[in-house]
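Please consult the sequence and the model shown below while reading.

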Amino acid sequence: MCGIVGYIGPQTASPLIVSGLKRLEYRGYDSAGVCIVDGDSLTIHKQAGKVADLERVVDLSAIRGTLGVGHTRWATHGLPNDVNAHPHTDNDDAIAMVHNGIIENYLTIKKKLENAGYTFRSETDSEVLAVFIGMLYKTIGDLERAVQTALQEVEGTFGIVVVSTHDPNLMIAARRGSPLILGVGQDEFVVASDAAAIIAHTRQVVYLQENEMATITRQGFTTKTIANEATHSVVEEIAFELEEIEKGGFEHFMLKEIYEQPVTFHDGFRGRLRVDEGNVRLGGLSKVQDRLRSAQRIIITACGTSWHAALVGEYLIENLARIPVEVEYASEFRYRNPIIYPNDIVIAISQSGETADTLAAIREAKMKGATVLGMVNVVGSSIARETDAGVYLHAGPEIGVASTKAFTSQLCILTQFALFLGRMRDLPAEAGRTLAQGIAEIPDKIRQILDQSDAIKEIAMTFAQAPNVLYLGRGYQFPVALEGALKLKEISYIHAEGYPAAEMKHGPIALIDENMPVVFIATKDEIYDKVISNIEEVRARRGRVIAIASEGDTQIDRVADHVIRIPETQAMLAPILASIPLQLLAYYIAVERGCNVDMPRNLAKSVTVE
Ligand code: M6R
């Protein structure tokens, strides 16, 4: 949700900020803007659209100045137009600010400022904060204190970077609820909402903590809380390589990330899985092992794709460890006063580790005394830091807005977690060995599916223009049906719904006619025959059936118009394999329809507003 970059150092700031913004565009691409401080003036260029659109109308590389900020916006307050684009300035056009988050009490502050004669150009909450800082500066005469005083009055969330003509050697950054990272280079500093915008300059970073602010000059930086307490910053190393955030020859990040899955899945169990012992070592959970042993209930909370992974996790944990599991939308969990018992385990699943709803849910769970664990991809992210313990996905940076490799890595971790819990209880070693062996074989099986991508593309073309698509699956494959539908709708804008296959006859069957493609996940398991009956019900109403089936299944050809075969595996591992062709189907359909696959409309990769 909005990408922020700030730079202070010896280099010309603008090109550096622009290249950083391009790496952050997955966070929001409604508008783009930069502000450079050069002597006693601010040079601001901003407009609706992507960074490349702004570059087409202004030669950003020609702007001089070694201090500046930039922003890519995901609109919350106000249309995605030129005026609402960031940076915003105070009424004297001397202070410029970029903001990620929502100022919840902006109307109250705005009223106060209007009564004092201040004016506003945009409809945004962010401009109110910039003008407020400007007003405070007039009486305080110190930018750091003006920012701090304003933030003490602000309710809501923010990651902000502020620069001004009052001091061309000073940049202020602060955060609450929205991530901000300070890159520490040789006599230069880059502040950004994600390490992706920093890694080209330095690997040394400081993750700003909740309610922390940094005062950055050309010589160094200091940090403190917004409430003015001293803080101690730790410089850490970025945990990924620059190539991991490049497209690497693929047309889109999404396709690259789909193809990375044999490796990313393997990275999820490398050093953890013990096939011979039929067990798993999860170092990140060692300090909560006793609490896991005595857990009587597990609640998994997440959003979107991560929530679908959680549903598969529910089936896995209940089956292997016999612990009751509840799966909650993070956005609902917090606001319905959930009942939490002292020995409950709450698990947050998140690719970004910054999803505001998930973060709020774990804070609620912690406040109520639960042990909170994280299954997170982004190292050092807010959820990773705020949980008691956790397991990283190790999927590497995921840039495509549609989550793909993170989903299969989440399933990789959840399967191991369920195996680990099961073996702690009464799952026999032999059953553990069989599952562990199955996990170890998954990367090769994913490769075999990727080898069929041309055939999958051909099938995708047969329903690329359909207005609606249904996805149906049962048991472990029900969440995969939900995930397949989400992938299609978010990148191709085709209306798609996922259902448990047997639920179809309770309503959705009314939609079936010769124009309705229905994707069935019909892999061989104990309810296969029931799924075949559901397919027959669709055929009887002339629906078009695309089946994801197991290798060697010949019965399926009799009932499906198109079949995509995936290698055989155990039922509890089949969701991992079945999700791969669904990702490819969505991808090829979106490309065929001319959609922007990596940056679908209205979406952002990391949803840092509630
Ligand atoms: O970073 P998170 O896993 O917490 O994100 C949760 C959802 O916002 C995310 O999965 C979203 O649904 C994706 N666009 C799905 O492809």
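## Helix H15

In helix H15, which spans residues 453-462, the buried residues are Ser453, Ile456, Ile459 and Ala460. Viewed down the axis of H15, these buried residues fall within an arc of 115°, so they line one face of the helix. In general, an α-helix has 3.6 residues a turn, so residues three or four places apart point the same way. The model discussed here is a predicted one.

The face of H15 turned away from the buried side carries the exposed residues Asp454 and Glu458. On the buried side, the residues of H15 pack against helix H6 (253-259), helix H14 (429-450), strand S25, strand S26 (562-566) and helix H18 (574-592).

## Helix H3

Helix H3 covers residues 106-115, and its residues Tyr106, Ile109, Lys110 and Leu113 are buried. These residues cover an arc of only 100° around the axis, which puts them on the same side of H3. The packing partners of the buried residues of H3 are helix H4 (125-140) and helix H5 (143-153).

The face turned away from the buried side of H3 carries Leu107, Thr108, Lys111 and Asn115, which are exposed. Just after H3, glycine 117 takes a positive phi of about 95°.

## Serine 122 and its surroundings

Serine 122 is located in the loop between H3 and H4. With a relative accessible area of 7%, serine 122 is buried, because it falls under the 20% limit for that class. The side chain of serine 122 is joined to that of threonine 124 by a polar contact of 2.8 Å.

Leaving aside residues up to four places away in sequence, serine 122 touches Val83, Asn84, His88, Lys110 and Glu127. One of these, Lys110, is also among the buried residues of H3.

## Backbone features in loops

Most residues other than glycine have a negative phi, and most peptide bonds are trans. The model contains a cis peptide bond between histidine 86 and proline 87, with omega of about 0°. Proline 87 belongs to the loop between strand S4 (67-73) and strand S5 (88-89).

Aspartate 187 is not a glycine, yet it has a positive phi of about 60°. Its place is in the loop between strand S9 (181-184) and strand S10 (189-192). Arginine 542, also not a glycine, has a positive phi of about 65°. Arginine 542 lies in the loop between helix H17 (528-539) and strand S25 (544-550). With a relative accessible area of 61%, arginine 542 is exposed.

## The ligand

The ligand is surrounded by 15 residues, of which the closest are Ser306, Ser350, Ser352, Thr355 and Glu490. By class, this shell consists of 5 nonpolar, 8 polar and 2 charged residues.

An oxygen atom of the ligand is 2.4 Å from an N or O atom in the side chain of glutamate 490. Backbone atoms also take part: a polar backbone atom of threonine 305 is 3.0 Å from an oxygen atom of the ligand, and a backbone N or O atom of valine 401 lies 3.2 Å from a nitrogen atom of the ligand. On its own the ligand has 410 Å² of accessible area, and the protein covers 91% of it. Helix H9 (304-321) and helix H16 (478-492) are the elements that give two or more residues to the shell around the ligand.

Terms used: Residues are numbered from 1 along each chain as its sequence is written. This is a predicted model: local features need pLDDT of at least 70, side-chain atom pairs count only at pLDDT 80 or more; totals for chains, interfaces and linings use all residues. Side-chain values use heavy atoms; hydrogens and water are left out. Buried means under 20% relative accessible area, exposed over 50%, partly exposed in between (1.4 Å probe, protein chains only). Helices (H or I, at least four residues) and strands (E, at least two) are DSSP runs, numbered from the N terminus. The arc is that of the directions from the helix axis to the C-beta atoms. Contact means heavy atoms within 4.5 Å. A residue is near a molecule or strand if one of its heavy atoms lies within 4 Å of it. A polar contact is a pair of N or O atoms within 3.5 Å; within protein, one must be able to donate a hydrogen and the other to accept it, and residues adjacent in sequence count only if both atoms are side-chain atoms. Accessible areas come from the Shrake-Rupley method with a 1.4 Å probe; for residues, only the protein chains shown count as cover. Ala, Val, Leu, Ile, Met, Phe, Trp, Tyr, Cys and Pro count as nonpolar, Asp, Glu, Lys and Arg as charged, and the others, Gly among them, as polar.
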